[in-house]
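Hello,

Here is the structure we talked about handing over.

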Amino acid sequence: MPALRRIAVLALEGVAPFELGMPSRVFGNARAKDGSALYEVTVCTADGQPVNSDAGFSVGVTAGPEALAAADTVIVPPTHAMPGLLRGEPLPQALVDALAHIRPGTRIVSICTGSEVLAAAGLLDGRAATTHWEHAPEFQRAFPRVKLDEDVLFVDDGDILTSAGVAAGIDLCLYLIRADHGTAAANRAARLCVVPPWRDGGQAQYIDRPVPEPTVATTTATRAWALERLAEPIALAELAAHARMSLRTFTRRFRDEVGMTPVQWLTGQRLEVARQLLESSDLPVDLVAHRAGFGSANSLRQHMRAALGVSPIAYRRTFQPQNPALA
């Protein structure tokens with residue numbers, strides 16, 4: 001039976017209720033094959049006292065900062081009661097004292113503008129991070145030491161992970177389940193939450209911009225077409241031809257809709273297939289590479305090392321440690 005992982009969710013004054021409840025729901029749906037819980041989620045406050053949400057009701061808790069000291073993962077949802085953080089104002093001392101309870105090496109996660117709290121605490125200095133796209137310009141001015149990427153849904157920078165607005169927090173929670181316990185556990189949790197286990201693209205597809213004319217074509221159908229053919233070589237010209245666009249128009253529209261280039265997207269989708277096969281099958285790496293569309297094991301190794309920092313064999317051992325075939 002996998003060890004129970006402890007998660008502390010820090011409710012701050014002015015907390016957004018949806019994001020506050022999100023970790024309990026998503027991680028609460030993560031179960032081992034025998035049905036046992038994989039996570040213990042505790043909601044706490046900086047001083048153990050109730051806080052007011054931004055929805056007009058108070059949030060009572062049974063834990064204070066001691067929960068942060070006991071946690072393997074600390075999650076900070078957004079608050080709308082600290083707008084001064086983006087103007088350079090410091091964190092309240094009680095919050096600073098509470099964050100000091102977090103043990104070194106603890107995984108720290110922010111949802112949406114909870115990243116402002118982490119940045120104000122100095123935890124994101126020199127680190128890659130993201131936040132809600134609407135707050136990105138102010139965030140960058142307030143915290144210039146943070147390597148902000150406003151185009152992605154979430155950023156994994158090792159022991160600190162940040163997500164974009166609202167639903168991206170769900171994406172990040174599912175990503176953490178997958179990292180901790182594999183694809184099958186994350187997929188089961190996603191099904192119970194009735195959400196997709198993985199979303200394509202980044203925030204670029206959600207940023208407010210003029211709505212295109214109804215007659216303007218999109219790349220949606222072409223992406224679906226490509227997903228059915230990932231094992232085959234797919235040239236950029238083929239994608240543009242399928243979408244009935246010029247190469248230049250297709251590339252520009254694809255980036256506007258998905259937040260990355262067609263080549264980057266294709267590589268990401270193929271890596272996703274390879275990861276699933278490595279986690280759930282005993283297929284030789286050569287065959288995994290072929291089915292994922294990389295052509296050769298060497299190509300797969302290069303892409304996995306660039307994207308994940310590990311080889312296919314090392315990745316498989318992480319997710320199938322009890323597999324005798326890997327001994």
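The notes below cover the sheet, the helices against it, and a group of aromatic side chains.

Please keep in mind that this is a predicted model.

Six strands form an open sheet in the order 2-1-5-6-10-9, and their pairing is mixed. Strand 2 (39-44) and strand 9 (154-156) are the edges, each pairing on one side only. From one strand to the next, the twist averages 15 degrees. Within the sheet, strand 1 (residues 5-10) pairs with strand 5 (residues 73-76) in the parallel sense, over three bridges. Ala8 is opposite Val74 of strand 5.

The helices on it. Helix 6 (residues 167-181) packs on the sheet and touches strands 1, 2, 6, 9 and 10, with its direction at about 145 degrees to that of strand 10. Helix 1 (residues 17-28) lies across strands 1, 2 and 5, and runs at about 165 degrees to strand 2.

The aromatic side chains. There are five aromatic pairs in the structure. One of them is Phe254 with Trp265, an edge-to-face pair with 5.7 Å between centres and 70 degrees between the planes. Phe254 belongs to helix 10 (residues 247-258) and Trp265 to helix 11 (residues 262-280), so this pair ties together parts 11 residues apart in sequence. Phe254 is buried, at 2% relative accessible area, and Trp265 is buried with a value of 2%. Arg223 lies over the face of Phe254, 5.9 Å from the ring centre.

Regards

Methods:
Residues are numbered from 1 along each chain as its sequence is written. This is a predicted model: local features need pLDDT of at least 70, side-chain atom pairs count only at pLDDT 80 or more; totals for chains, interfaces and linings use all residues. Side-chain values use heavy atoms; hydrogens and water are left out. Two strands pair if DSSP finds at least two bridges between them. Helices (H or I, at least four residues) and strands (E, at least two) are DSSP runs, numbered from the N terminus. Axes are lines fitted to C-alpha atoms, for helices over the stretch in contact, and angles run from 0 to 180 degrees between N-to-C directions. Contact means heavy atoms within 4.5 Å. Rings of Phe, Tyr and Trp (its six-membered ring) pair if their centres lie within 6.5 Å; planes under 30 degrees apart count as stacked, over 60 as edge-to-face and the rest as tilted. Buried means under 20% relative accessible area, exposed over 50%, partly exposed in between (1.4 Å probe, protein chains only). A charge sits over a ring if NZ of Lys or CZ of Arg is within 6 Å of the ring centre and within 35 degrees of the ring normal.
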